[in-house]
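The sequence and structure come first, and the text follows them.

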Amino acid sequence: MTSDSELLVPLHVAYIKSLGENKDDLVYHMTAHLRLNAIYWGLTALCIMNQKEALDREEMIGFVMSCWDDEAGGFGAHPDHDAHILATLSAIQILVIQDALDRIDIPRVVKFILSLQQPSGVFAGDSFGEVDTRFSYCAVNALSLLGKLSELDVEKTVAYIRSCKNFDGGFGACIGAESHAGQVFVCVAALAILDRLDEVDHETLAWWLAERQLPNGGLNGRPEKLEDVCYSFWVLSALSILQKLSWIDSDKLSSFILSAQDPDSGGIADRPGDMVDVFHTLFGVAALSLLGYPGLVDLDPVYCMPASVIEAKGLRKSWQA
Ligand code: GRG
Ligand code: ZN
């Protein structure tokens, strides 16, 4: 068996399980600011590989709750860190997947999220004020999972995303910023949740997304840049939402993703031969799920969560039937 012929599921599961076990590792401490996000990435990757039980549920919920910032009313990425909208989304995603949303004070979390919306309609990540369309997506996704979208000023939120749309059909991080596949995902997915895909120039954007595929099968995030496994998700999810997944050569992309696996210790890297990490492991298997790779659980491209979980909450879109 070679690393580029099939997905090495048992090795990837063992790799994800090992991540929380090496607490003396320098990398473990250097990634503290991403801990809650990393747990969401690992858990979602396990769900896609049908191995949700590989991580202990109660321990995970306990850790999520230890990241609660009672002063702000949101979650930090690590105990004693300040609340941030990205960590708050990760906490909500984990609790939804674990069917444990009842552990949180939903009205307080909603208040925290809404407090981050700026007069322009964009969201800040935290009380320090960095703004980015990524945070608009975090707000829309989180409020939707909490069943509280009715409390959002949808017009204002959509107006800011619209103002980030570029001539190439793509979207940037803020007004005037160049199109980038990661930002395209967050803007298109937020508009999908809000049922406002009419704001997207479907044909122009799908062309731009399809042009991200390079001769080696991998996808880049914008013209003239290198391929990277995580763009397999950012680009494919957007194409999937636009119902144009067939505009990518899926065999070549699958082979590229599989060639970035570590055949000895598991995990997937940004590109073949690089060090693996849980972020690229998730987005590699997530893209393979969207491509219909055999044996994988269906992923919802809008929420980046198992389709069955989103279906159970009644949040699947009619075009996903
Ligand atoms: C729940 C799936 C989910 C996401 C949460 C944080 C977030 C919301 C979305 C991130 C979207 C994004 C901007 C992804 C891109 C990440 C990335 C690889 C950035 C690298 O950008 P550059 O400019 O790299 O350093 P390039 O590839 O352009 O050279
Ligand atoms: Zn990457």
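G266 is found in the loop that joins α12 (250-259) to β3 (268-269); helices (H or I, at least four residues) and strands (E, at least two) are DSSP runs, numbered from the N terminus. The model is a predicted one, in which local features need pLDDT of at least 70, side-chain atom pairs count only at pLDDT 80 or more, and totals for chains, interfaces and linings use all residues. Residues are numbered from 1 along each chain as its sequence is written, while chains are lettered from A and ligands numbered from 1 in the order in which they are written.

G266 counts as buried because it has 20 C-beta neighbours inside 10 Å. The term buried requires 20 or more other C-beta atoms within 10 Å of the residue's own, exposed means 12 or fewer, and partly exposed lies in between, with C-beta atoms placed from the backbone. Apart from neighbours within four places in sequence, G266 is in contact with L8, L11, H12, A14 and Y15, contact meaning that the C-beta atoms, placed from the backbone, lie within 7 Å.

T281 belongs to helix α13 and is buried, with 27 other C-beta atoms within 10 Å. Leaving aside neighbours within four places in sequence, its contacts are H12, Y15, I16, A45, G267, I268 and V276. H202, in helix α10 (residues 202-210), is partly exposed, with 15 other C-beta atoms within 10 Å.

The table sets sequence separation beside C-alpha to C-alpha distance.

| Pair | Apart in sequence | Apart in space, C-alpha to C-alpha |
|---|---|---|
| G266 and F171 | 95 residues | 34 Å |
| T281 and V297 | 16 residues | 15 Å |
| H202 and P215 | 13 residues | 24 Å |

Helix α3 (residues 35-48) packs with helix α13 (residues 278-290) at an angle of about 35°, the axes being 9 Å apart. Axes are lines fitted to C-alpha atoms, for helices over the stretch in contact, and angles run from 0 to 180 degrees between N-to-C directions. The crossing of α3 and α13 is left-handed, that is, the near helix is turned anticlockwise from the far one by less than a right angle. From α3, A38, W41, G42, T44, A45 and I48 meet V278, F279, T281, L282, V285, A286 and S289 of α13. This contact has nine nonpolar, four polar and no charged residues; Ala, Val, Leu, Ile, Met, Phe, Trp, Tyr, Cys and Pro count as nonpolar, Asp, Glu, Lys and Arg as charged, and the others, Gly among them, as polar.

The axes of α3 and α5 come within 8 Å and cross at roughly 35°, in a left-handed sense. Here L36, N37, I39, Y40, L43 and C47 of α3 meet L86, A87, S90, A91, Q93, I94 and I97 of α5. The contact of α3 with α5 comprises ten nonpolar, three polar and no charged residues.

In helix α6 (residues 106-115), V109, F112 and I113 are buried. Seen down the axis of α6, the buried residues fall within an arc of 95°, so they line one face of the helix; the arc is that of the directions from the helix axis to the C-beta atoms. These buried residues pack against β2 (74-75), α5 (85-97) and α7 (133-145).

The largest nonpolar core has 103 residues, and A139, V184, V188, A189 and A286 have the most contacts inside it. Such a core is a set of buried Ala, Val, Leu, Ile, Met, Phe, Trp, Tyr and Cys residues joined through C-beta atoms within 7 Å. Helix α9 (residues 181-193) gives the most to this core, with eleven residues. Not counting residues up to four places away in sequence, V184 touches G170, F171, S179, L205, L209, W234 and A238.

Methods: Two residues are in contact if their C-beta atoms, placed from the backbone, lie within 7 Å.
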